[in-house]
Amino acid sequence: MVNFKDEIAKLIAAEVTDLELSEIQSMIEVPQDSKMGDYAFPCFKLAKVMRKAPPLIAKNIAEKIADNEIFEKVEQVNAYVNMFISKEEFVKDVVEDVLEKGEGFGRSEIGGGKTVIVEYSSPNIAKPFHIGHIRSTVIGNSIYKIYDALGYNVIRINHLGDYGTQFGKMICAYRHWGNKEDVINEPIKTLLGYYTKFHEEVEKHPELDDEAREIFTKLEHGEPEEVELWQWFRDESLKEFNRVYKMLGIEFDSYNGESFYSDKMPRFVKELEEKGLLEESRGAHIVDLEKYGLGVALITKSDGSTLYITRDIAAAVYRKETYDFYKNIYVVASQQNLHFQQWIQILELMGYEWARDCVHVPFGLVSLEDGTMSTRHGRVVFLEDVLNRAVEQTKEIIREKGVNTDNIDETARQVGIGAVIFNELSNNRIKDYVFSWSKVLDFNGETGPYVQYTYARCASVLRNAGEEAVKKAMEKGLAGVDAKYLTGESSYALAKLLYRLPQVVAEAGEKFEPSIVTRHIVDIAQSFNRFYHDEHILVDNEEEKAAKLALVISAKTAIKNGLALLGMEAPERM
RNA sequence: GGCCCAUUAGCUCAACGGAUAGAGUAGCGCUCUCCGAAGGCGUUGAUCGGGGUUCGAUUCCCCGAUGGGUCACCA
């Protein structure tokens, strides 16, 4: 398909020799109001170099490029050159491109098969998977989908929090008050119970702390009994996490968490020392990063054990050596900004040039209406409950509306889960937000169900049209649809949004921002609904019907592909 | 207190340094004997304050305000 921005840049460059092509390209904009054209070129900056009034420059450019066949019209308005693309050609091209690419529409080869690592979700073993965890999980999954669509080879890593003194406490508690059956039946809840029990008991019996520390040391040294228990806790926890991942349709290539790197750290402590970066301070070992404004980073504690910054350094090197990544992306809360700045700086000081290929993708905090989340105070919302309630609510709505679906359970699952995912990916990830039941369960307006509804509506139109008509529309669309039926305002607006989807995906990838895709498919859905309202699709005129159906198929395809990038499914009926 | 981030309509959020700052929601009105009303249409309504850079600032810089995060043995 024609890249209009590039074409326009070339045309203007031929007239404006004072600027580089790339500079002209970046100056071309899409006006907010389509009445001012499909593309616009502001000439203010040229005034200085060309020593002419901006409107005059705009007028000259407009006159020179107006004859080109890609334009229907070129106008000069003040300092702007406003360009209107020939509608028929454009719509025909877009429809043809979407139909031809099908599921591949929106994908590209920008990545050229380079390897990218995305680390996301990374919950702590034996702790509840609550609503706060949805962020890394869902944002990370979408970033994976987006990079995959951009032609990268993506490795998905779940960096489990499966290591640390807490496991000494857990094992200690299990030995004193534990029960195997309970753990198997309800792993997280039971293990968490042990953890809290331990903290209660340690008040009365401080010696438990020593016992726990001793157990952890044994675990670190690979004592079979301790390792076996730890492994069991880990497996049981993972089973429970996998239930949620399955509901969300999320998978990983590796579950190598913190424990995986437990034996890989001495090398780096030694290396830091050899490179003269390590200092002793208050019995601990640190790297002083004051001169970078990053404080000090604690590498080993005064008792010699390591901290997670050391594990992150080890993990980054391991990944470079194992995968030779082009980018190593960490989808982790903004609370850890300093932590990431510190260890990436340390890697640079160690001389690892690829340190700058490690990217922290931060996101804001989730809190509850009655304050921050706190497992101990019972202020916690489980992600699984949110998903289940969303599915239940969807079922009720489906029954209310009496929609005929083949399988209410399946449809409710797609829509309910989708609503939660979509809600999560609607805003810029850096924003903090307060979790609200009424908001996740509100399915009106700019929501996942709205977009899915629009998809189902497309599907419904195609069903009503019948197989023959759809087949004909496909053939017509691929051969070049009769676009004179698609030049109405709403048809053209829809086609323009479809055209932009691939660029939107690329932009979302560059910015690690799935919400850019989310907003765009909302725009597409809105635009389709307007088109649907304005135009009668199933008309008697066969040519017109085929043209309109081809546009419907295109919109349906784009919505499905867009939803897939968010990790959502598209129901044919709902 | 130092550093980082946020602040746009009653509420939740958009806006490559560009033209008249856009949506949704809530409120008020329309709109299903006509391709799905989880829809569409209309209407009211906003850039935290003060400086600066620029032809042009919601956007960049400085000062301040408010909110959040973070700052050595947790992750």
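Three strands make up an open sheet here, ordered 1-3-2 and paired antiparallel. Keep in mind that this is a predicted model. At the edges sit strand 1 (39-42) and strand 2 (71-77), each pairing on one side only. Ignoring direction, neighbouring strands of this sheet are turned by 15° against each other on average.

Strand 2 and strand 3 (residues 80-85) run antiparallel and are joined by six bridges. Look at V74 and you'll find its bridge partner, M83, in strand 3. Two helices pack on this sheet. Helix 1 (residues 4-15) touches strand 1 and strand 3, and its direction makes about 35° with that of strand 1. Helix 4 (residues 54-65) touches strand 1, strand 2 and strand 3, with its direction at about 165° to that of strand 2.

Next up is an open sheet of four strands, with order 5-4-9-10 and parallel pairing. Its edge strands are strand 5 (153-157) and strand 10 (358-361), and each of these pairs on one side only.

Strand 9 (residues 327-331) runs parallel to strand 10, and four bridges join them. Opposite N328 you'll see C358 of strand 10. Helix 13 (residues 308-323) packs on the sheet and touches strand 4 (115-119), strand 5, strand 9 and strand 10; the direction of helix 13 makes about 145° with that of strand 4.

## A helix pair

Further along, helix 20 (residues 489-511) packs against helix 21 (residues 515-534) at an angle of about 175°, their axes 9 Å apart. That angle is why the two helices count as roughly antiparallel to each other. On the helix 20 side, residues making the contact include L494, L497, L498 and L501, while helix 21 brings in I516, V517, I524 and F528, among others. Sorted by type, the residues of this contact come out as 13 nonpolar, four polar and five charged.

## Around the RNA

There are 72 residues around RNA strand B, and the ones that come nearest are A40, K301, N428, G445 and S460. Helix 18 (residues 448-465) supplies the largest share of the surface near RNA strand B, with eight residues. As for the make-up of that surface, 32 residues are nonpolar, 26 are polar and 14 are charged.

Methods
Residues are numbered from 1 along each chain as its sequence is written. Chains are lettered from A and ligands numbered from 1 in the order in which they are written. This is a predicted model: local features need pLDDT of at least 70, side-chain atom pairs count only at pLDDT 80 or more; totals for chains, interfaces and linings use all residues. A residue is near a molecule or strand if its C-beta atom, placed from the backbone, lies within 6 Å of it. Ala, Val, Leu, Ile, Met, Phe, Trp, Tyr, Cys and Pro count as nonpolar, Asp, Glu, Lys and Arg as charged, and the others, Gly among them, as polar. Axes are lines fitted to C-alpha atoms, for helices over the stretch in contact, and angles run from 0 to 180 degrees between N-to-C directions. Angles under 35 degrees count as roughly parallel, over 145 as roughly antiparallel, 65 to 115 as roughly perpendicular and the rest as oblique. Two residues are in contact if their C-beta atoms, placed from the backbone, lie within 7 Å. Two strands pair if DSSP finds at least two bridges between them.
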